[in-house]
Amino acid sequence: MPFLNRIQRWAEDRPHDTAVVVAGRRIDWAGLRAAATERVPFSPAVRVLAEANSIDFAVKFAASVAGGRQCAVLDPTWPHQMHNDIVQRLGASVDTPAATSGNGATDLTDGALTDGDPGSSFLIGLTSGTTSVPKAFTRSRRSWQESFEASIEFFGLRHDDKTLAPGPLAASLNLYALAECLYAGSEFHTLESFDVGSAHAAISHDGITRLVLVPTMLRLLSERGLTGCVDASGIRAIICAGSKLDSRTLEAARRWAPQATIFEYYGASELSFVAGMGLAAGEPLDAGGTRIGKPFPGVDVRILDDSGLALPDGTPGNISVRSPMVSNGYLWGDDGQALRSFNDFFTVGDQGYLADGELHILGRRTDMIITAGKNVYPHEVELALASVPGVEAAVAAGQADDFRGQRVVAGIIPSHGGITATQLRSGLEGVLSRDKWPVQFYSLSEPPLTDRGKVSRRILLDWIKSQDRRIGRLV
């Protein structure tokens, strides 16, 4: 079961309490149950849901996973051809704002808003890959129920919380936050699209107690909230994922929401939650560190080599997970490396190590830089650089070098004014070992992004090679 039985429960116990709020429009538990139940007979066996945030999105999502049905949630901004390719591969029905939902009743259930078999797949996840069509994997109802139980315990989600996830529901972080709140009977808020002013208004006027968002959103809300005197003292929990928090974002969030415990965690779409930690008000910041915290409840984390043998503490290797929350595997797109299994431990290829029971994240092995026989992960270089005052963002990569094999280089986006290589080296003292320091720094006028908006180390190297106008050498 994922959450439909819980919607039924809250609709009986608290029918007129608010369940979901999208840009000020509200629906209570009784209304959510009624609207979703009405749609169940028209929901096909497999539905592709690709649309912007709305109350209707929440209703359709609930109806689309009733009984034995499955739902694939796509980013509505993806190219039309990509959408078509995914629909054809799934043999699915499309549900977009321009499409109708009159696909005829199925024989999967009697039309009731009920959960299917716990072991059955209900969600088809899509994750970016190297091909034009994203990789597709499935999650079972039981795996999400286990995830709900673990995350509710870890993050301390309560019935009286009001969660704001201001990003798109098509993104797994926000979709999960919605479903987690439906499971817990906790009020969920989002926006039609991310907007700092709208998010601040929701925090100020709707009594938001909990934020779920990515670090870039947190920085914007915190810094502009401090400037605009937006009161965030009622926020008691901030949950961040997507990348490790840098010191500037942490400091701004701490000042803006002084009562909040700031959580960050490591996970993967295929693995669910792996490890995390909460930084309570008053606790010292871990600027520039790779530590991500202890395993989630019910999760066993080990560091294994490529043959599946356990490595000692402090030795980098494959972050491998044994957990009831792991996905069922891929429908397509797996090249044999995307989700590997060592008996009952699974890895997506991320590298890290354990120290004193806590997990440290180094990044993907394919990104590793080998310089003068030393293994350097660009992720740890980027985290260290991001902790240097005056750095807005940093990207590190390995450039071919006849003498070293590769040399570490880094692109810097200054936070204000300019910054020198000398200042950067001074800032790295005591944060990153000298043999991992970049040998050359470059100033960037903008981040090197792919057409999907992801930071690309390969593009950074291309800019350096072509002496692109967006990059300049720092001395």
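Strand 20 (350-355) and helix 10 (378-386) each contribute at least two residues to the lining of the second largest pocket. The model is a predicted one. In this model the second largest pocket has a volume of about 340 Å³. Its lining comprises 21 residues, and those closest to the pocket centre are T290, Y353, L362, E380 and K436. By residue class, the lining of this pocket divides into nine nonpolar, nine polar and three charged residues.

Confidence was examined next. The chain has an average pLDDT of 90. A score of at least 70 is reached by 93% of the residues. Residues 96-107 stay under 50 in pLDDT. For this stretch the model has 22 contacts beyond four places in sequence.

Helix 4 spans residues 80-90. Its buried residues include M82, H83 and I86. V87 and L90, also in helix 4, are buried as well. Viewed down the helix axis, the buried residues of helix 4 fall within an arc of 135°, and therefore line one face of the helix. In general, an α-helix has 3.6 residues a turn, so residues three or four places apart point the same way. The exposed residues H80, Q81 and Q88 sit on the face of helix 4 turned away from the buried side. Just after helix 4, G91 adopts a positive phi of about 60°.

C71 belongs to strand 4 (residues 70-73). Its relative accessible area is 0%, so C71 is buried. Beyond four places in sequence, C71 touches R47, L49, F61, S64, V65, F122, L123 and I124. C71 and L90 are 19 residues apart in sequence. Their C-alpha atoms are 10 Å apart in space. L90 is one of the buried residues of helix 4.

With a relative accessible area of 4%, A50 is buried. A50 and A393 are 343 residues apart in sequence, and 32 Å separate their C-alpha atoms.

Positive phi values also occur at residues other than glycine. S272 has a positive phi of about 65° and is not a glycine. This residue lies in strand 13 (residues 272-279). At 10% relative accessibility, S272 counts as buried. For A372, phi is near 55°, again a positive value in a residue other than glycine. A372 is placed in the loop between strand 22 (369-371) and strand 23 (374-376). Its relative accessible area is 62%, so A372 is exposed. The cut-offs are under 20% for buried and over 50% for exposed. S272 is thus buried at 10%, whereas A372 is exposed at 62%.

At 29% relative accessibility, P118 counts as partly exposed. P118 and G405 are 287 residues apart in sequence. In space, 51 Å separates P118 from G405, C-alpha to C-alpha.

S415 is located in the loop between strand 25 (405-414) and helix 11 (421-428). With a relative accessible area of 22%, S415 is partly exposed. Leaving out residues up to four places away in sequence, S415 touches R248, G390, V391 and E392. S415 and Q70 are 345 residues apart along the chain. The C-alpha atoms of S415 and Q70 are separated by 45 Å.

Methods
Residues are numbered from 1 along each chain as its sequence is written. This is a predicted model: local features need pLDDT of at least 70, side-chain atom pairs count only at pLDDT 80 or more; totals for chains, interfaces and linings use all residues. Side-chain values use heavy atoms; hydrogens and water are left out. On a 1 Å grid over the protein atoms alone, a cavity is a set of points where a 1.4 Å probe fits but cannot get out, and a pocket is an open set with protein on both sides within 12 Å along at least five of seven lines; lining residues have an atom within 4 Å of a point. Grid points are joined across faces, edges and corners, and a volume is the space filled by probe spheres set on the points. Helices (H or I, at least four residues) and strands (E, at least two) are DSSP runs, numbered from the N terminus. Ala, Val, Leu, Ile, Met, Phe, Trp, Tyr, Cys and Pro count as nonpolar, Asp, Glu, Lys and Arg as charged, and the others, Gly among them, as polar. Buried means under 20% relative accessible area, exposed over 50%, partly exposed in between (1.4 Å probe, protein chains only). The arc is that of the directions from the helix axis to the C-beta atoms. pLDDT is the predictor's confidence in each residue, from 0 to 100. Contact means heavy atoms within 4.5 Å.
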